[in-house]
Amino acid sequence: MTGYVLRRLGGALIVLFLLSALVYLLFYVAPGDPAKLACGPRCNAEQIRQVREQLHLGEPLLQQYLHFLQGLVAGRDYSTGTGVLHCHAPCLGLSYQNAQPVTTLLASRLPVTASLALGAMVLWLLLGVGTGLLSALRRGGTTERVLTVLTLAGTATPVFITGLLLLMVFCAALQWLPFPTYVPLTEDPEQWAWNLLLPWTSLALLESAKYARLTRSATLETLAEDHIRTFRAYGLRERTVIGKHALRGALPPVIALNAIDLGTMFGGAMLTETLFGLPGIGRLTVQSVRTVDLPVVVGAVLGIGAAVVIAGAIADVLYALADRRVTLS
C-alpha cells in the first residue's frame with residue numbers, strides 16, 4: 001500500500017507540473033500587455049518598462065516559466081512602478097487590482113468555499129447514496145419510479161434555478177431563514193450553519209441526483225454477482241448482505257466521483273457563491289475575470305486543478321481500500 005500511495009502522489013505531482021505549464025502558457029499568450037495591467041493606468045512608459053524588466057517579460061517564455069516556478073518555491077520580488085513588493089512562497093503573483101499576493105487572496109476566501117463544499121458534500125452523499133440504495137432495493141416498484149422521476153428532475157434543474165426558488169420560498173415568502181451571509185464557524189457555529197443551509201441544499205439537490213443514479217446502478221450490478229448469491233445461500237441476514245457486502249462493492253465509483261466533485265467545489269462553486277453572495281473563491285474568480293485580473297484568474301485555475309488532482313489521488317487510495325479487488329500497481 002505504501003508503494004501504491006507513493007506512485008499515486010508522484011503521478012499527481014507530474015500532472016500538477018504539466019497543468020502549471022499549460023496555464024502559464026495560456027496566460028502569457030493572452031492578448032494585452034501584462035506589464036501595463038500590473039502597473040496600472042497611471043504609469044508612464046518608464047514605469048511600465050521597469051515593471052516589464054521586473055517581470056522578466058523580455059526573456060524567452062521558458063525562462064519566464066522558470067522564474068514562475070522559482071516564485072512557487074522561494075518567492076519573488078515584484079515592481080509596482082512606484083516600489084518593490086516581495087511575494088513570499090508559494091508565490092502565484094500579485095493582483096493587478098490591489099497588489100496583494102494571489103495566495104493571500106485565495107487563502108482569505110478558502111474558509112468560505114471549504115464550508116460550502118464540505119457541508120454540501122455531506123448532504124449530497126446522504127441524499128444520493130440513500131436514494132440510490134433505496135431505489136435499487138425497491139426495483140420495479142412504485143418507490144423506484146417516483147425516485148427515478150425525482151432524480152431526473154434534479155439532474156435537469158440548474159443550480160441557479162433551485163437557488164432562486166429556495167430564496168423566494170424560505171427567505172422572502174415564509175421568512176424561515178435569513179438571506180445568506182457568511183458567518184465564520186469560529187464566531188457563531190449556529191449562524192454559520194443557518195446561513196449556509198440554503199446554499200448547501202441547492203448544491204446537494206443537483207449533485208445528489210448523480211449519486212442516486214450511480215449508486216442504484218452500482219448496487220444492482222453488485223447484487224447480481226456470484227458472491228452475493230453465495231452469502232444469501234449461506235443464510236446470512238439480508239441486512240448484513242446489503243450493508244456489509246453489496247454496499248461496499250457499490251461504493252468505489254461513488255468515492256471516485258465524489259473526489260472529483262469535492263475537488264471542483266474547493267476550486268469554487270461560482271454560480272452558487274455568486275447567487276447567494278458568498279465571498280468564496282468562485283466569486284473572487286468571477287470578479288477577477290470581469291476586471292481582467294489575470295494573476296488571480298491563473299491562481300484560481302491552478303488552485304482548482306490542484307484540488308481536483310489531489311482529490312483524485314486520495315480517491316484512488318480510498319478506492320483500493322474499499323475494494324480489495326483493485327490491483328495495487
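Is Cys91 buried or exposed? At 1% relative accessibility, Cys91 is buried (under 20% relative accessible area; exposed is over 50%, partly exposed in between; 1.4 Å probe, protein chains only). The model is predicted: local features need pLDDT of at least 70, side-chain atom pairs count only at pLDDT 80 or more, and totals for chains, interfaces and linings use all residues. Residues are numbered from 1 along each chain as its sequence is written, and side-chain values use heavy atoms, without hydrogens or water.

Cys91 is bonded to Cys87 in a disulfide, with 2.2 Å between the sulfur atoms. The criterion is a pair of cysteine sulfur atoms within 2.5 Å. One disulfide is counted by this rule. The S-S torsion of Cys87 and Cys91 is about 115°, so the bridge is right-handed. Cys87 is buried, at a relative accessible area of 0%. Cys171 is also buried, at 5% relative accessibility.

Helix α6 covers residues 142–156. Helices are DSSP runs (H or I, at least four residues) and strands likewise (E, at least two), numbered from the N terminus. The 15 residues of α6 reach 21 Å from first C-alpha to last, close to the expected 21 Å at 1.5 Å a residue. The expected span is 1.5 Å times one less than the number of residues.

Glu144, Leu147, Thr151 and Gly154 are buried in α6. Seen down the axis, the buried residues of α6 fall within an arc of 90°, so they line one face. The arc is taken over directions from the helix axis to the C-beta atoms. The face turned away from this buried side carries exposed Thr142, Val149 and Ala156. The cover over the buried residues of α6 includes α5 (102–137) and α8 (189–223), with contact meaning heavy atoms within 4.5 Å.
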